[in-house]
Amino acid sequence: MYDLLYFGRLPGEVRIIYFLERTFSRYGKKAFCESFFRAIEKGKIPKSKYADEISDFCRSEQLSHKARALLDILTVYNPKETPKLRPIIVFTSRKATAYEFKDAIIRELDVPSNKVEVLTSDLSKEQRKELISRAKKGDVYIIISTLVGEEGVDIPEAGVLVMTDVPKSPLRFYQRLGRLIRVSSPMNTKVFVITMTPKTEEYRDLSEAVWNLYREGVDVSYILLNLEEKLTTQKLLDYIRETTQMLNSKWASYMLLTQGDKPKDPVEYYLSALKSNEKFKETIKQRFGELSDEEFEKWTFMVTTIFFLRAWSDDIKRAMKEVEKILNKGKVVGDFDKLIKDDRLFYFYDPEGLSDMVFMELERLRKYCKENQKTFCENVFFRFDRKGFLRLFTNVFPIENIDDIIKELRQRVSKKERIFGDIYVSISYNPSSKAIIANAHFSVFDGEVYLRLEPQFNYYNFRDNSKLKEKKLELIKLNVKDICYRAMEKYFETYVKD
């Protein structure tokens, strides 16, 4: 269930998907399902097979992972068998989770219902005072508290504190600890437990909370951290390694990794998404009037690949951003970028898919030449510079595979150089966008028209001070040549018969 959200496979508004992913990891099933059905009611999540799958999951009786973890803790620190631990205080930020915890404890651990209390804003001040009084007398074994219990609740008798989520605010974090650590406490030793969902944002939350406490001058030496292997970036890296091993390959498609499937034709996939966007269609119509399907497709292609055509209207740029957000949603997007910047992953563009677009431009130029009775046509403004679009063609690999991939690309490019001659590739670096800009320069002649093309390919998240800089640059040049050679092959196979 979590992966549907993390990898952005569930259709819906990007910010809603991200919110649901965080809710699931931090607060568990009940709170997540409460928010999920609310999003469905408000039309933020459209009907889909994934939405149906989550609905079935929410209707099941299975306890959340947060509740199961809490039951494990309470089995070890059992308040029924160890009276001196009473009361145990459990913190969560969501009411739905608090009530789920109470039901689970009563049902699974056979604790009497009057010995487990939930402290939320649903209780009046008098009811809260009565609850605290009973707890101090030992009549309450477990208090499950939401935000209302973070301050103003003094129970020095408490022996165990369980945080089932982590507030990043140093004030809230310390207020929670204050419910346990009191000078007036009759106990010398106390137990502090934090439960977190491995390889999710929760571990980043803990890191931020601890550093915030440290900056405030709080001694945090007793909180031991080993975060790197618990973060979502490690989850993604492990998943990529597992996938490449399963495929018996050195790399894996970004779309396969994130969507669970790779579109058969990424070019058509992207152009169809653009053409189905009402704002985009309306802007093109305002600019050119009514167009045939063929003309509309031509202008859609040109707007995608010729940067200055997008300057016609801010609506065009906004529409393209909307489409690319839909194609690139989920927490996974930011983790890809971070791993690439940290030299733990790198990538190249699929030569088969992206060469289709280079070939399409050669065809468009040829048609223009023929219609205007020209023998020479060129385009020096042809660009692949949209990060969201380029992800559709991205093949990702763990950085330890870079030498093998360079070797394979060298062999392939070397064979094509002997057939078509060398392609010159110039390289520059844009520090503001952290992008390598690779420009290829090549031409084709089919016996009738001479075409010259200078396609530009942007490679993002490039760290200029990387120890692997030279290897990455070599890979980029080989990748660009491979794409262009493949486009030339397609062109000659189509227009040159001998």
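Two strands count as paired if DSSP finds at least two bridges between them. Strands here are DSSP runs (E, at least two residues), helices are runs of H or I (at least four residues), and both are numbered from the N terminus. This is a predicted model: local features need pLDDT of at least 70, side-chain atom pairs count only at pLDDT 80 or more, and totals for chains, interfaces and linings use all residues. Residues are numbered from 1 along each chain as its sequence is written, and side-chain values use heavy atoms, with hydrogens and water left out.

**Strand S14 and its partners**
- Four bridges join strand S12 (residues 435–445) to S14, and the two run antiparallel.
- Across this pairing, Ile436 stands opposite Tyr459 in S14.
- Strand S9 (residues 383–384) is joined to S14 by two bridges, and this pair runs parallel.
- Here Arg383 has Gln456 of S14 as its bridge partner.
- Strand S14 (residues 456–459) is covered on both faces. Gln456 and Asn458 lie on one side, Phe457 and Tyr459 on the other, and all are buried. Buried means under 20% relative accessible area; exposed is over 50%, and partly exposed is in between (1.4 Å probe, protein chains only).

**The five-stranded sheet**
- An open sheet of five strands has the order S2-S3-S1-S4-S5, with parallel pairing.
- Strand S2 (116–119) and strand S5 (191–194) stand at the edges. Each has a single partner strand, so one side of each is left without a neighbour in the sheet.
- On average, neighbouring strands of this sheet are turned by 15 degrees against each other, direction ignored. Axes are lines fitted to C-alpha atoms, for helices over the stretch in contact, and angles run from 0 to 180 degrees between N-to-C directions.
- Helix H6 (residues 95–109) packs on the sheet and touches S1, S2 and S3. Contact means heavy atoms within 4.5 Å. The direction of H6 makes about 180 degrees with that of S2.

**Strand S1 and its neighbours**
- S1 (residues 88–91) pairs with S3 (residues 142–145) in the parallel sense over four bridges.
- In that pairing, Ile88 stands opposite Ile142, and Ile89 has Ile143 as its bridge partner.
- S1 also pairs with strand S4 (residues 160–163), in the parallel sense over four bridges. There Ile88 stands opposite Val160.
- In a regular strand the side chains alternate between the two faces of the sheet.
- From S1, Ile88 and Val90 point one way, Ile89 and Phe91 point the other way, and all are buried.
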